[in-house]
Amino acid sequence: MMATSLSTPKLTTTMSSSPALHNLFSKKLPSPLSLPKTLSSLSHLRRTSTSHPHHHLHSRRRFSVSAVDSGNGADSARHYDFDLFTIGAGSGGVRASRFAANFGASVAVCELPFSTISSDTAGGVGGTCVLRGCVPKKLLVYASKFAHEFEESNGFGWRYEIEPKHDWSTLIANKNAELKRLTGIYKNVLSNANVTLIEGRGKIVDPHTVDVDGKLYSARHILVSVGGRPFIPEIPGSEYAIDSDAALDLPTKPEKIAIVGGGYIAVEFAGIFNGLTSDVHVFIRQKKVLRGFDEEVRDFVQEQMALRGIEFHAEESPQAIVKAADGSLSLKTNKGTIEGFSHIMFATGRRPNTKNLGLEAVGVKLSKNGAMEVDKFSRTAVPSIWAVGDVTDRVNLTPIALMEGGAIAKTLFLNEPTMPDYRAVPSAVFSQPPIGQVGLSEEQAVEQYGDVDIYTSNFRPLKATLSGLPDRTFMKLMVCAKTNKVLGLHMCGEDSPEIVQGFAVAVKAGLTKADLDSTIGIHPTAAEEFVTMRTPTRKIRKDPPSQGKIDSDVKAAKVAGIGVFGMTAAEFPESTDEACFLLRPVTNLSTSTSSGIFLL
Ligand SMILES: NC(=O)C1=CN([C@@H]2O[C@H](COP(=O)(O)OP(=O)(O)OC[C@H]3O[C@@H](n4cnc5c(N)ncnc54)[C@H](OP(=O)(O)O)[C@@H]3O)[C@@H](O)[C@H]2O)C=CC1
Ligand SMILES: N[C@@H](CCC(=O)N[C@@H](CSSC[C@H](NC(=O)CC[C@H](N)C(=O)O)C(=O)NCC(=O)O)C(=O)NCC(=O)O)C(=O)O
């Protein structure tokens, strides 16, 4: 999976609203009271199966044929083929389906046949993350990193009799074999959970019926988890462009590639192809990459990538692609034409995969970019139809789809109405060097809190002293001047995703700067910098202390709670910090333009 974007808004404390955040928070929740009464019978069955694990299947059957009012428009006397029918076996769909089955529900999931490239007729169990996103991308990142490591090794005394050569076809064949293994594993995961897998294209024909290639299946609940697809803007010659699906499965290595876009996918693939020794040009319509990320991190990563040989073309928008007689491609932009590309890749965002699913006909509401609109429990306007993952265009990341899928299963089949928790979502960009981050950027922290202490460390890592390469590492903390809470923690440098995952636990648990100061470093590591930053690089104070406007706002928030669009104070986290972390994920939402919290 890849769940979604960088058109990230500047957060404000006003009522200005991000469409995506609005989606996330403004929907009126069908009262938990209207959740299926079947929940109580399921909960009973679950207890039965817990005490007698081997009675699990028996329990499931009894549940699936039970005729109980579902409170979701289901006919109480009706028999359904399944309690849950899931369309799409990606991260969110697999998670929801197998958890629901473990909770005693009878579950089917339909998915298209396996292919490395998605289309209207091909997909595969595992979905975007496993087959066309996170996993193959990371494998290619691993492949490409060796080039830098070979270079680093020289300063440590390594000599190669011949230059290491890379064999593209070995990499792609091994990667594809791994994808086939993984799709097999995911099929087993489903069958071990007693989920029925149906191969084919699902289309909703009524609120309780799915048509899979002409065969009808009825279900008490339908879950749509079909993900998204790469989006290429229509410009003359766009048929010559490749997207990320194709870029992960090219028959030959690009000699010279143009990558259009400055988001996650663009910077990750720029690193991949650069490491594998292609000549890489990145075209961004902004001044710099990764809109929505911390400004210093954006500058730093772009500078480091440029030092490794990637050429950035800032403020250049694509206008046309022309194919020459020799097969080479030219990219025409607002600033001129660059010739001689073997490949032109567009990494210009992804769109929800909602075409031809029958959604609008049954009353499901779609947003302007085709995303399914859902409430805080991932339920659509049609009470029996639910959606999770990238198809809802909330926070388009695999772990979020997993969380949403797990929450649905609990809500429907464990009698535990569960809202996904979007606070302090950490994320990484597997650029080279990679980025890890959790919480607010400096810009967001200042916007939300006013008085913020910024700690930064920009250093030459130990490894670079002998490698002689110009590699540096950048780390940054945003600390609330009033509460001492760590509002944001960012790192760009080797291993930063691995390092930040650990710190994200602490940030979610309410990490303060004092906690960091009292922690002993592990020496010598890059990570120890986070516990040895003693002096703020700068202290930002929005108002003179006596005027105290921000002070009183923050106090008000603490006393009265915080609202985020449609959420009531009761539903919302009590602390200001949590509210701001809740907003953080919008940096991953492609359609957002602005967002905010308001104080009650
Ligand atoms: N490591 C991870 O967690 C990863 C996550 N993902 C997920 O996948 C989603 C899709 O990634 P990605 O495709 O990079 O999308 P993003 O939305 O992150 O970035 C799209 C980029 O394309 C630019 N762009 C959009 N339209 C045009 C256009 N018409 N002409 C020129 N430039 C354009 C945008 O510019 P502008 O900034 O001006 O809008 C932006 O730089 C991400 O949102 C992310 O959540 C993907 C890969 C890895
Ligand atoms: N994190 C490790 C392991 C990677 C990993 O988790 N690999 C996955 C495949 S890709 S990842 C695909 C993704 N899985 C996950 O994200 C794993 C999630 C975590 N373990 C958890 O339980 O939350 C997913 O779609 N999950 C659906 C679901 O869990 O229901 C796997 O299944 N490996 C088995 C194997 O190799 O034998 C790494 O990066 O090295």
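Q: A polar contact is a pair of N or O atoms within 3.5 Å; within protein, one atom must be able to donate a hydrogen and the other to accept it, and residues adjacent in sequence count only if both atoms are side-chain atoms. What kind of model is this?

A: This is a predicted model, where local features need pLDDT of at least 70 and side-chain atom pairs count only at pLDDT 80 or more, while totals for chains, interfaces and linings use all residues. Residues are numbered from 1 along each chain as its sequence is written, chains are lettered from A and ligands numbered from 1 in the order in which they are written, and side-chain values use heavy atoms, with hydrogens and water left out.

Q: Which residues surround ligand 2?

A: Ser91, Val94, Arg95, Arg98, Val130, Val135, Arg181, Leu182, Ile185, Tyr186 and Leu402 do. A residue is near a molecule if one of its heavy atoms lies within 4 Å of it.

Q: Which side chains have a polar atom beside an oxygen of ligand 2?

A: Arg95 has one at 2.7 Å, and Arg98 has one at 2.8 Å. For Arg181, a side-chain N or O atom is 2.8 Å from a ligand 2 oxygen. The protein covers 48% of the 840 Å² of accessible area that ligand 2 has on its own (Shrake-Rupley method, 1.4 Å probe; for residues, only the protein chains shown count as cover).

Q: Which helices supply at least two residues of the shell?

A: α4 (91–102) and α7 (168–192) each do. Helices (H or I, at least four residues) and strands (E, at least two) are DSSP runs, numbered from the N terminus.

Q: What span should α4 have?

A: Its 12 residues should span 16 Å at 1.5 Å a residue, and its end C-alpha atoms are 16 Å apart, which agrees. The expected span is 1.5 Å times one less than the number of residues.

Q: Which α4 residues are buried, and what comes after the helix?

A: Ser91, Gly92, Gly93, Val94, Ala96, Ser97, Ala100 and Ala101 are buried. Buried means under 20% relative accessible area, exposed over 50%, partly exposed in between (1.4 Å probe, protein chains only). After α4 comes Gly104, with a positive phi near 110°.

Q: New topic. How many salt bridges are there?

A: The structure holds 23. A salt bridge is a side-chain nitrogen of Lys or Arg within 4 Å of a carboxyl oxygen of Asp or Glu.

Q: What does the one between Glu315 and Lys287 tie together?

A: The two side chains meet at 3.8 Å, N to O. Glu315 lies in the loop between β11 (311–314) and β12 (318–323) and Lys287 in the loop between β10 (279–284) and α10 (295–307), so the pair ties together parts 28 residues apart in sequence. Glu315 is partly exposed, at 36% relative accessible area, and Lys287 is exposed, at 60%.

Q: And Lys476 with Glu442: buried or exposed?

A: Lys476 is buried, and so is Glu442. Their salt bridge is 2.7 Å, N to O. Lys476 is in strand β21 (residues 473–480) and Glu442 in helix α13 (residues 442–449), so they tie together parts 34 residues apart in sequence.

Q: Which network includes that pair?

A: Asp294, Glu296, Glu442, Lys476 and Arg538 are linked in a network of salt bridges.
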